[in-house]
Amino acid sequence: MQRRNQRIERHAEMSIASELLTVDQLDQFPNDGKRREIIEGELHVSPAPVRDHQFLVKRVLGLLVREIDDKGHGEAFPGPVDVRFSPGDQMQPDVIALSNGRPDAYQDHVMHGAPDIVVEILSPSNESYDRVEKRRLYEVNGVAEYWIIDPTSRDMTILRLTNGVYAETASENGLLRSTAIVDLTIDPAALFARPGGA
């Protein structure tokens, strides 16, 4: 099975799809630090994230834990969490958040169905994938809010699902507002700020 997985992954890294995968097949790959996701059965492989990416994951997770977990509104989790929408669609977002009342949705390593909030931190190699393909998948599967954070431009976008379609939330005085779980005002500049001004 491992040789077959290596062959499939080699094809995926070269963007050549030799066969469509299911989540059961995806679960057979080794845990080697690479992110493996499938959309409509097509394998997408990303390398382990860089330090700036992980810094932003830590900052966003801290914000969500303070505002959601600590105040009893739900729970936030860092990736990797397998978010499974169907047998041919499984993502590993950077951060997810769930409102209360969904204790059975996340079991073992799999979140079954749509989290309330999905956060993706862009990398130069995955920007189009996150902005186009993942956006479409999260939208059609009912993710209430999709946060896209770009470390290069130091920009944050919140897409809110309204009548089945994502709309970008407007910034007010540089602040963004999330309402998926709790009414939350976010200062993107504070997320990007390094302690001590570094």
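Which residues in H3 are buried? In this predicted model, the buried positions of H3 are His53, Phe55, Leu56, Val57, Val60, Leu61, Leu63, Leu64 and Ile68. The helix itself comprises 19 residues, 51-69, and spans 25 Å between its first and last C-alpha atoms, which is close to the 27 Å expected at 1.5 Å a residue. An α-helix has 3.6 residues a turn, so residues three or four places apart point the same way.

The largest nonpolar core of the model contains 25 residues, within which Leu64, Val119 and Trp147 have the most contacts. Two or more residues are given to this core by each of H3, strands S6 (95-99), S9 (117-121), S10 (145-150), S11 (155-162) and S14 (184-186), and helix H5 (188-192). Among these contributors, H3 supplies the largest share, amounting to eight residues.

Isoleucine 38 is placed opposite leucine 43, the latter belonging to S2. The two strands form a hairpin in which two residues lie between S1 and S2, and glutamate 40, located in the turn, adopts a positive phi of about 50°. Strand S2, covering residues 42-46, is mostly covered, with four of its five residues buried.

Terms used: Residues are numbered from 1 along each chain as its sequence is written. This is a predicted model: local features need pLDDT of at least 70, side-chain atom pairs count only at pLDDT 80 or more; totals for chains, interfaces and linings use all residues. Side-chain values use heavy atoms; hydrogens and water are left out. The expected span of a helix is 1.5 Å times one less than its number of residues. Buried means under 20% relative accessible area, exposed over 50%, partly exposed in between (1.4 Å probe, protein chains only). A nonpolar core is a set of buried Ala, Val, Leu, Ile, Met, Phe, Trp, Tyr and Cys residues joined through side-chain atoms within 4.5 Å. Two strands pair if DSSP finds at least two bridges between them.
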